Amino acid sequence: MEKEVNFIPVLLGSDINVYGMARAFYERYGVKSTAYASVQFAPTKYSKIVDVETFPGFNEDPGFIENMTKIAKRYKNLNKKAILIACGDGYVELVSKHKSFLQKTFVVPYIDYTLVQKLISKEAFYKIADQYQLPHPATKIITKADYQNGVANIEVPYDFPVALKPSDAVEWLEIKFAGRKKAFRIKSRAEFDDIVAKIYDNGYTADLILQDFIPGDDSNMRTLNCYVDQHHQVKLMCLGHPLLEDPTPADIGNYVAILPEYNQKVYQQIQHFLEAIHYTGYCNFDMKYDRRDKTFKLFEINLRQGRSSFFVTLNGYNLAQYPVEDYITGTLKDKPTVYGNQDPKRHQLWLGVPVKVFKTYAQNNADKKRALELLAAKRFGTTVFFKQDFNLKRYALQKYAFYLYNGRFKSYFKENKGDM
């Protein structure tokens, strides 16, 4: 741990992603983070390593820029640089939108708004992916106009089950209805018609992504976290192999168990793409192995580190040090690209649920066997349980949050994951 630092971490959000970044900054530099958000979430509550300040309406304009204008004045005349890290899709979009103003005060390791608009929409991302020969699931776009012309007239060109998800993840956060999910796996035409109607009748206006469903359970997923420096050179690539996802409707797609994995072919493919589009900052890719043609197919790019990205820091690649070495010390430029997880002897299993839940619900296969070996060897960790941030209130809250997963898996796993 480096005690002398000449920067301040400023985080946007208060969820598990924020806590993971605050922990990374604390572990590497011994520095406490400050976070700003619209609401306080459990992962950062009662913490000694991150202070959270909330402002109603902070997660959208005009509340965001009005409050950030006031917040910026606090950092204006300090003799330390403030690194601004957005830990959610909405905050990334807002930071990028106001980048020219924010970078007068903060270090802002993000791409310009024009590129954000091309990448943050899943629909637009697939078009760019085609330009760079990045494989993704067969895709059909459904518009609100298609629905208004009659849901029965919308062609479904793939065999059921099919995957359905919103193109605009930020707008989707505001949409509420019974049965709403982060993504849908639809098993029949009748269910398809019903879900599409509910989505548009409840206020969603953007496009929907209809896709050929790639067969297989959660252990076919992969997640890749990267950091690209200000010169558009990829400096970190760390691949994770999820073994289990949250089955709760609103949180489907959120990983709760990840093994580190090494795959140079995937690394090279994504590195070429990121450098070709002149990317900057953190990003995260979700992909799934398709046994039908033996390829990894991309679902999306998140313009931030993933919510489960502490698995990267856990495995020895501290996420906080990359923007510090990029913008504060200037030492990152001359360092080679790190291709993570080449040494199995260093592997650590990341868990976001109790061990019992993992053992009960993860698919029985060679990957689970490897994970159980790491558990037996005490080579595992979580984001939220951190000995240097221990107090009884925090410990009790995080234990309770973990305990709730028992009920969530019991209620939703069979319906949403059990037949995959």
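Leu298 belongs to strand E14, which covers residues 295–302; strands here are DSSP runs of at least two residues (E) and helices are runs of at least four (H or I), both numbered from the N terminus. The model is a predicted one, in which local features need pLDDT of at least 70 and side-chain atom pairs count only at pLDDT 80 or more, while totals for chains, interfaces and linings use all residues. Residues are numbered from 1 along each chain as its sequence is written, and side-chain values use heavy atoms, with hydrogens and water left out. With a relative accessible area of 3%, Leu298 is buried, a label given under 20% relative accessible area, against exposed over 50% and partly exposed in between (1.4 Å probe, protein chains only). Contact, taken as heavy atoms within 4.5 Å, links Leu298 to Phe125, Tyr126, Leu134, Pro135, His136, Pro137, Ile270, Phe285, Asp286 and Met287, when residues up to four places away in sequence are not counted. Between the C-alpha atoms of Leu298 and Ala24 the separation is 27 Å, and the two residues are 274 residues apart along the chain.

Ser33 counts as buried, at 1% relative accessibility. Beyond its neighbours within four places in sequence, Ser33 is in contact with Pro9, Leu11, Ala22, Phe25, Ile49, Val50 and Asp51.

Turning to helix packing, H3 (residues 89–97) and H5 (residues 113–120) pack with their axes 8 Å apart and at an angle of about 155°. H3 is therefore roughly antiparallel to H5, since angles over 145 degrees count as roughly antiparallel, those under 35 as roughly parallel, 65 to 115 as roughly perpendicular and the rest as oblique. The axes behind these values are lines fitted to C-alpha atoms, for helices over the stretch in contact, and angles run from 0 to 180 degrees between N-to-C directions. The crossing of H3 past H5 is left-handed, that is, the near helix is turned anticlockwise from the far one by less than a right angle, whereas clockwise would be right-handed. On the H3 side, Asp89, Glu93, Ser96 and Lys97 take part, and they meet Tyr113, Val116 and Ile120 of H5. The residues of this contact divide into three nonpolar, one polar and three charged; Ala, Val, Leu, Ile, Met, Phe, Trp, Tyr, Cys and Pro count as nonpolar, Asp, Glu, Lys and Arg as charged, and the others, Gly among them, as polar.

Asp61 and Pro62 are joined by a cis peptide bond with omega about 10°, and Pro62 sits in the loop between strand E3 (50–54) and helix H2 (63–75). A cis peptide bond also joins Phe160 and Pro161, with omega about 5°; Pro161 is placed in the loop between helix H7 (144–148) and strand E7 (162–166). His232, a residue other than glycine, has a positive phi near 70°. The loop between strands E10 (221–228) and E11 (234–245) holds His232, which is partly exposed at 24% relative accessibility. Lys378 likewise has a positive phi, near 65°, in the loop between helix H14 (366–376) and strand E17 (380–381), and is exposed at 67% relative accessibility.

Lastly, the whole structure contains zero disulfides, a disulfide being a pair of cysteine sulfur atoms within 2.5 Å. The sulfur of Cys87 lies 14 Å from the closest cysteine sulfur, in Cys283, too far for a bond. For Cys238 the closest cysteine sulfur, in Cys226, is 9.1 Å away, which is also too far.
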